[in-house]
Amino acid sequence: MKDMDLFQLGIGLETGAQEEDTARGQAPACDRDIFDTSRDDHFIRDGQTVYAGTHLIIEVVNGTGLDDEARIAQAFRDCVETCGATLLHIHTHKFSPQGVSGVAVLAESHISVHTWPEIGYGAFDVFMCGDARPWRAVGVLAAAFEIDDVRVREIKRGEGVVAEAGIAA
């Protein structure tokens, strides 16, 4: 494999994400009290609910520019900035004769897209945990692709599951 192939696979990146962090000695015992607000785990604690993050399924209808990789990458960057997230990497792929797929990998999770520009349709996912504000991405995407018709469904990822896992022995 060439170095670029390894980079595309994420091998050799200096992010520390490829292996468990053991530099600080023994890993702490698993603290299962997920309702403890002092935990540094980036779960969202909303009253009696704890979940991993907010996942928005965003569908844009009659959008323009959905075949433009640079425009999509800029929309990802604008979403990251507006939502208060941390960008790690953007990768897009242009299909022939049309369409783009792309992902912005975030410290808080990801933003992804698959487009069908021939019908003006884009399927975006915005999944963020911690203090990021994923709902702000909706307006950014509407402006970036000049659309009035944006349809959004929200999923609270891990709702119920995270709490059950935290209670398990």
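Helix α3 (residues 136–144) contributes Ala 137, Val 138, Val 140, Leu 141, Ala 142 and Ala 144 as its buried residues, where buried denotes under 20% relative accessible area, exposed over 50% and partly exposed the range in between (1.4 Å probe, protein chains only). Helices (H or I, at least four residues) and strands (E, at least two) are DSSP runs numbered from the N terminus. The cover over the buried residues of α3 includes β3 (53–61), α2 (69–83), β7 (121–128) and β8 (149–157), contact being defined as heavy atoms within 4.5 Å. Just after α3, Glu 146 adopts a positive phi of about 50°.

The model is predicted, with local features requiring pLDDT of at least 70 and side-chain atom pairs counted only at pLDDT 80 or more, whereas totals for chains, interfaces and linings use all residues. Residues are numbered from 1 along each chain as its sequence is written, and side-chain values use heavy atoms, with hydrogens and water left out.

In total, the protein comprises four helices and eight strands, arranged along the sequence as α-β-β-β-α-β-β-β-β-α-β-α. Of its 169 residues, 33% count as buried. Among contacts between residues at least 6 apart in sequence, 59% join residues at least 24 apart.

Ser 101 lies in strand β5 (residues 100–106) and is buried, with a relative accessible area of 17%. Beyond its neighbours within four places in sequence, Ser 101 is in contact with His 91, Thr 92, His 93, Phe 95, Val 113 and His 114.
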